[in-house]
Amino acid sequence: MRKIDFGGLLSTYGVVIALLALIAFGWLRYENFLGMFNIMSVLRYNSMFALVALGMCFVIMTGGIDLSVGTVAALGSVAAAYSSPYGPIAGLAAGVGVGTVVGLINAVMITRMHIMPFIATLASMLAASGTALLLANNRSVPVSYQSGFTDLGQGNFVGLPIPAIIAAIAYILGWVVLNYTATGRGVLAVGGSEESAKLMGLPADRIKALAYIASGGLAGLAGVILAAQFGAGQPIEGVGWELFAIASVVVGGTLLTGGVGSVGSTLAGVLLLGILFTVLNFENGLGWISLSAYWQSVIRGAFLLAVVILQARLVAGETSRT
Amino acid sequence: MKELAVNPVPKGEIRGHFDLFDFLARYGTVIALVLLLCFNLAFTRNFATLQTLNVNLTQVCTIVIVAVGMTLVIGTGGIDLSVGSLMAISGALAPMIFMSKIVPIDNIALAVTIAIVVPVLVAGMFGLFNGWLIARFRVQPIVATLVLFIAGRGIAQVITNGNLQVFKVPEFQWIGFGRPFGIPAQVLIMAVVVLLAWWALRRTVFGRDVLAIGGNEKASTLAGIAVGRVKLAVYAISGLCAGLAGLVVIAINSASDANLVGLGMELDAIAAVAVGGTLLSGGKATIIGTLLGALTIQLVRYTLLANGVPDAAALVVKAAIIVGAVWLQQQNRVR
C-alpha cells in the first residue's frame, strides 16, 4: 500500500520537475520568456483548459471518464453569449447552469441507468454539440461588449487576468474538497475500489454523481471564459478538449484506473502541455528552426507517450515488488 | 424473419417465458432498422430508389470499415481512439506517393498500387505500436491510443505541411468512384472487410481468442492463449482498417486535408459498435451487429435530414439512440 503511494508521489514530483525544467529552459534560452506579458497570456489562455482538466481529474479519480467536457464548454459559451447583455453574473449563471445540467444528466445515466461512463458521456458529448449548434443556428454568437461580460475573459484584477483568478479559486476549492472533506476522500475510495467503498457504507453513487456534476459545471465555466475571451459563443469550439484534459490529468500522474490522483499535479500537467506550445512559438521566433504549429500535437503526443511509459514502468515495478 | 421463434437461451427464466428486454436487446437493432425503413417508405419521398441506397451505402462505408476493426479491439475489452488520426496519416501519404512527391514513379499502375499498399501498411504499423504499448507496458488502451490520437493527426499535418492535396487520378479514385457490376467499389471493399472479419471472429482460433481475452484476460493467459500477440493483432487490424478507410475518404473527395480526414471517426465507429450489440466491456462481439448498427445510425441521420430536420438535431437523436441501445443491453445483462 505504502509502496504504490510512493510510486504515485514520484510521478507527482516528476511532472513538477519537468515543468520547472521547461520553464528554466525557456528562461535561459529566450528573452522575455518570463516577461509579464508572456506569463499573463499563458495564464489567461490556459485557464479554460485548467478548469476542464480539474473536473476531469475528479471524474477520473472516481474511476470514470467524461468525454463531454469539450462540447459542454461550447454549449456553455453559447448560453453565456446569449445572456451576456445582462451582465457577467448572468453570463456565468447561464454557462455554469447548462454545464451543470449536462453533468446531472451524465450522473443519472451512469449511476441510475448503469451505462458505462465512456458511452454515457460520449452520447452527451454529441447531444451537447447538437444543442449548441441548434441554439446558435450553426454560427458563432457575438457577446455584448457593454455589460462588462467580456471582463471575465479579458479583464484584470490586481494585475492578474480574471480567468486565471477564477481557475486559481477553483483549484484551491478542489484541493480543499479532495484533501479535507469526506466527499473528497470518498472520491478516492470509490475510485480505488467501488465495491469496498460501498461495503464501508460510503454513498458511492452520490459521490460519483457529484464528480460528474462538478465536471459539467466546470466545463460550462470554461465555456463562459471562452465566450468572454474571444467575444463570441462558439458552438464548434471545444473539439478535442476532453482528450487534452485527459492527457493533462495523466501527465499529472493521476491513474486512469482511479483511486490515485492530485489536484495540484493536474494543474502542473495543464501548464506543462500549455507551456510546451509557448516554447515552440519562442523557438520559432529565434529563427534557427521553423517548426509549424502542427508540431505541437506531435510533441504533446510524444510527451504523453513518455509519461505513460514511465508511469507503466513505475506501477509495474511497484506491483512486482509487493 | 423468424425472430419470435428463436429464443433458445432464456437467462435463468422459465423456458418459453417471453422476456421483453432480452428480446429487444437481441433484435433491437434489426427492429429499429426495419421500423426506419418502413417509416421512410411511407413518408420520405423518392426513398425506394437505387440512388438513395447508393447514397446511404457510400456514406456508411468508411464508418463500417473502421468499426469492423474497432469491433475486434472492443471484443478484447480494449478501445482504439487513434483511428481517425490514422486515417489522416494514410490519407496524407497516398497522394504524396502517386503524385510522385517522395520518389518519382513513372508507371501509374505501379504508383497507385504502392499508394494503396504503403499507406495502409503504415497505418497498420501505427496500430501495431498501439498494441505494443498495451501488451508490453500494460498501458490502458484508452491512454495508449490517446497518444496517437493526439500525435497522429499532427504527423499527417507535418508531412503535408497542413496543405490541402488536390488530385485527379482516376486509377486511384476507382476505389471511390468505380462501379464493378454496378456496385460502388467502396461498398465492395466494405463487404470484403466485413466478411473477412466475420469469418475471423466466428470461424478461427484467433476469433475465439479475442472473445476469450475480452471475457476474462487472466483466465485466457492461464489457458495458454498468447494474450499479448492477440492484442497486437487486433490493434494492427484496427490500424489497417483505418488506413483503408482513409484512402476511401480521400478518393471520394478527390482531395486530402490532413486537418479533416477521419475527424471524429473514433466516436462514430464506437457508436456503431455499441449500437450493434457488441459489449463494450469485451467478451462478446458481433461484426454483423456492427454493420447493422452503422446502418441504423446512418439511416436515422438520413431520415431526419430528408425530412427537413437540421443536422444538429440529428446529433441529439444519435446520442439518444446510443444511450437507448446500450441501456437495453445493460438491462439484459443485469438479469
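Mentor: What follows describes the contact between the two chains, then a helix packing within chain B, and lastly a helix of chain A. Please bear in mind that this is a predicted model.

The contact between the chains takes 36 residues from chain B and 39 residues from chain A. On the side of chain B that touches chain A, at least two residues each come from α5 (141-160), α11 (265-276) and α13 (311-334). Of the elements on this side, α5(B) gives the most, with 14 residues. By class, the residues of this side of chain B comprise 27 nonpolar, six polar and three charged.

α11(B), one of the helices that supply this side, also packs against a helix of chain B itself. The axes of α3(B), residues 83-98, and α11(B) come within 6 Å and cross at roughly 125 degrees. An angle of 65 to 115 degrees would count as roughly perpendicular and one over 145 as roughly antiparallel; the two helices are therefore oblique to each other. In this packing, B:V83, B:G84 and B:M87 of α3(B) meet B:M265, B:E266 and B:A269 of α11(B). The contact of the two helices has four nonpolar residues, one polar and one charged.

In chain A, the helix numbered α11 spans residues 241-251. Eleven of its eleven residues are buried, so this helix is largely enclosed by the rest of the structure. Among them are A:W241, A:E242, A:F244 and A:S248. Just after α11(A), A:G253 takes a positive phi of about 95 degrees.

Key
Residues are numbered from 1 along each chain as its sequence is written. Chains are lettered from A and ligands numbered from 1 in the order in which they are written. This is a predicted model: local features need pLDDT of at least 70, side-chain atom pairs count only at pLDDT 80 or more; totals for chains, interfaces and linings use all residues. A residue is buried if 20 or more other C-beta atoms lie within 10 Å of its own, exposed if 12 or fewer, and partly exposed in between; C-beta atoms are placed from the backbone. Helices (H or I, at least four residues) and strands (E, at least two) are DSSP runs, numbered from the N terminus. Two residues are in contact if their C-beta atoms, placed from the backbone, lie within 7 Å. Ala, Val, Leu, Ile, Met, Phe, Trp, Tyr, Cys and Pro count as nonpolar, Asp, Glu, Lys and Arg as charged, and the others, Gly among them, as polar. Axes are lines fitted to C-alpha atoms, for helices over the stretch in contact, and angles run from 0 to 180 degrees between N-to-C directions. Angles under 35 degrees count as roughly parallel, over 145 as roughly antiparallel, 65 to 115 as roughly perpendicular and the rest as oblique.
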